[in-house]
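Subject: Structure handover

Hi,

Here is the structure I promised to pass on to you. Please have a look at it in your viewer, and then read on for my notes.

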Amino acid sequence: MDLDRMDFGDERRGGRHGRRGGSDGFGAREGERRGERSERGGRGGRGGGRLFSHGGLRLVLLHLISQQPRHGYELIKAIEESVNGTYSPSAGVVYPTLTLLEEMGYIRVQENTGDSQRKSYEITDTGREYLAENEDAVTELLARLATRRERSEDMPAQVMRALHNFKYAVHLRLGAEPLTTEQANAFAAILDAAAQQLERL
């Protein structure tokens, strides 16, 4: 599990980004910068390398939307489930990328979504053409996700449980009131100690 890539601010920021998902003022350049930063950085966990190369998350989101209209949270859950919960893109990554895809003309907000407050996106003809042009890249990305899932299934159940508990605890605390300097130091000390103990196994 690529713990170094987990965006532990997800739950605190998710609602804010969710409200800004469509006409939020992000220009194409700003959305692209945010999306590119999300796809860089971090290591790919047990498999090594990054889960998404440059532009990879963009293609995966577009592929998922091509299957059926979805809103941001559904896309986050779809990616998380595809890798057995070992990776979950943050709302702060997904929503700007959706904005970018919309500005590029690859997706649009679906009309007649009922009483739902969430924007569902559907793919455009231009988006389908873009997917077709990048079919090989999409196939490679889906294979990478499948490999990540297979490796996670080999992980001991007790380790997976503990990892999920750890991620939840971190999300829960960071999603609450901001840490004081003393609390931040204690938080970092706990994480450092856990890392050191794991390295000695």
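Below is what I found, grouped by region. Please keep in mind that this is a predicted model.

**Helix H3 and its two partners**

Let me begin with the helix packing. Two packed helices are described by the angle between their axes and the distance between the axes. For H3 (residues 56–67) and H4, the angle is about 105° and the axes are 11 Å apart. H3 and H4 are therefore roughly perpendicular to each other, since an angle from 65 to 115 degrees counts as such. On the H3 side, the contact is made by Leu57, Val60, Leu61, Leu64 and Ile65, and they meet Leu75, Ala78 and Ile79 of H4. Sorted by type, the residues of this contact are 8 nonpolar, with no polar and no charged ones.

H3 also packs with H5 (91–103): their axes come within 10 Å and cross at roughly 75°. That makes H3 roughly perpendicular to H5. Here Leu57, Arg58, Leu61, Leu62 and Ile65 of H3 touch Val93, Val94, Thr97, Leu98, Leu100 and Leu101 of H5. This contact between H3 and H5 divides into 9 nonpolar residues, 1 polar and 1 charged. If you select Leu57, Leu61 and Ile65 in your viewer, you will find them in the contact of H3 with H4 and also in that of H3 with H5.

Which residues of H4 are buried? They are Gly72, Leu75, Ile76, Ala78, Ile79 and Glu80. The buried residues of H4 pack against H3, strand S1 (70–71) and H5.

Asn84 sits in the loop that joins H4 (72–82) to H5. Its phi is positive, about 60°, just after H4. Asn84 counts as partly exposed because its relative accessibility is 29%. Along the chain, Asn84 is 67 residues from Arg151, while their C-alpha atoms are 9.5 Å apart in space.

**The loop between H3 and S1**

Gln68 belongs to the loop between H3 and S1. With a relative accessibility of 42%, Gln68 is partly exposed.

**An aromatic pair and a buried threonine**

How many aromatic pairs does a search of the whole structure find? The search gives 1. The partners are Tyr106 and Tyr130, which are stacked at 4.4 Å centre to centre with 15° between the planes. The pair links distant parts of the chain, 24 residues apart: Tyr106 is in the loop between H5 and strand S2 (107–109), and Tyr130 is in helix H6 (residues 125–133). Tyr106 counts as buried because its relative accessibility is 12%, and Tyr130 is buried too, with a relative accessible area of 17%. The cut-off behind both calls is that buried means under 20%.

Apart from its neighbours within four places in sequence, Thr124 is in contact with Gly105, Tyr106, Ile107 and Arg108.

Methods. Residues are numbered from 1 along each chain as its sequence is written. This is a predicted model: local features need pLDDT of at least 70, side-chain atom pairs count only at pLDDT 80 or more; totals for chains, interfaces and linings use all residues. Side-chain values use heavy atoms; hydrogens and water are left out. Helices (H or I, at least four residues) and strands (E, at least two) are DSSP runs, numbered from the N terminus. Buried means under 20% relative accessible area, exposed over 50%, partly exposed in between (1.4 Å probe, protein chains only). Axes are lines fitted to C-alpha atoms, for helices over the stretch in contact, and angles run from 0 to 180 degrees between N-to-C directions. Angles under 35 degrees count as roughly parallel, over 145 as roughly antiparallel, 65 to 115 as roughly perpendicular and the rest as oblique. Contact means heavy atoms within 4.5 Å. Ala, Val, Leu, Ile, Met, Phe, Trp, Tyr, Cys and Pro count as nonpolar, Asp, Glu, Lys and Arg as charged, and the others, Gly among them, as polar. Rings of Phe, Tyr and Trp (its six-membered ring) pair if their centres lie within 6.5 Å; planes under 30 degrees apart count as stacked, over 60 as edge-to-face and the rest as tilted.
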